[in-house]
Amino acid sequence: MHEQDDGGRLGAAEIGAELGERATLLQFSSAFCQPCRATRRTLAEVAGMVAGVAHVEIDAEDHLDLVRHLNVLRTPTVLVLDADGAIVRRASGQPRKADVIAALGAAVRD
């Protein structure tokens, strides 16, 4: 989870769910993606550990316009959004829990 993003912004209307009070872990998945399942568990665990953080999973095949707009090229892709929906980090592939927690540090402002 090292890649900076261009500062795009997403809201509840785009992702189909409410943003987390402090940050949102937005996961793009596909139906037969094994790493997506492990990523789902990791992100849900981190969201459960950090107050005000939501985990939202989107089926890439059902949201092709958003996938194209955000240039999501593979699944899983994880975007870390701050409280205002600004994209502060993005990564492709299965993230390690420590990297997710570090990326949240860039998004969460106390």
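Which residue in E3 stands opposite Thr24? In this predicted model, the residue facing Thr24 is Leu81.

## The sheet

Strand E1 covers residues 23–29, and strand E3 covers residues 77–82. The two pair in the antiparallel sense, over 6 bridges.

They belong to an open sheet of 4 strands. The order is E2-E1-E3-E4, and the pairing is mixed. Strand E2 (53–59) and strand E4 (87–92) stand at the edges. Each has a single partner strand, so one side of each has no neighbour in the sheet. From one strand to the next, the twist averages 15 degrees.

## Helices across the sheet

Helix H2 lies across E1, E2 and E3. Its direction is at about 170 degrees to E1. Helix H4 lies across E1, E2, E3 and E4. H4 runs at about 30 degrees to E3.

## Where the helices meet

H2 (residues 34–49) and H4 (residues 97–107) also pack against each other. Their axes are 10 Å apart, at an angle of about 45 degrees. The two helices are therefore oblique to each other. Their crossing is right-handed.

H2 brings Thr42, Leu43, Glu45, Val46 and Met49 to this contact. H4 brings Lys97, Val100, Ile101 and Leu104. These residues divide into 6 nonpolar, 1 polar and 2 charged.

## A proline in H2

Pro35 sits in helix H2. Is Pro35 buried, exposed or partly exposed? Pro35 is partly exposed, because its relative accessible area is 34%, between the limits of 20% and 50%.

Pro35 touches Pro76 and Gln94, leaving aside residues up to four places away in sequence. Pro35 and Gly93 are 58 residues apart in sequence. In space, they are 7.2 Å apart, C-alpha to C-alpha.

Technical notes: Residues are numbered from 1 along each chain as its sequence is written. This is a predicted model: local features need pLDDT of at least 70, side-chain atom pairs count only at pLDDT 80 or more; totals for chains, interfaces and linings use all residues. Side-chain values use heavy atoms; hydrogens and water are left out. Axes are lines fitted to C-alpha atoms, for helices over the stretch in contact, and angles run from 0 to 180 degrees between N-to-C directions. Angles under 35 degrees count as roughly parallel, over 145 as roughly antiparallel, 65 to 115 as roughly perpendicular and the rest as oblique. A crossing is left-handed if the near helix is turned anticlockwise from the far one by less than a right angle, and right-handed if clockwise. Contact means heavy atoms within 4.5 Å. Ala, Val, Leu, Ile, Met, Phe, Trp, Tyr, Cys and Pro count as nonpolar, Asp, Glu, Lys and Arg as charged, and the others, Gly among them, as polar. Buried means under 20% relative accessible area, exposed over 50%, partly exposed in between (1.4 Å probe, protein chains only). Two strands pair if DSSP finds at least two bridges between them.
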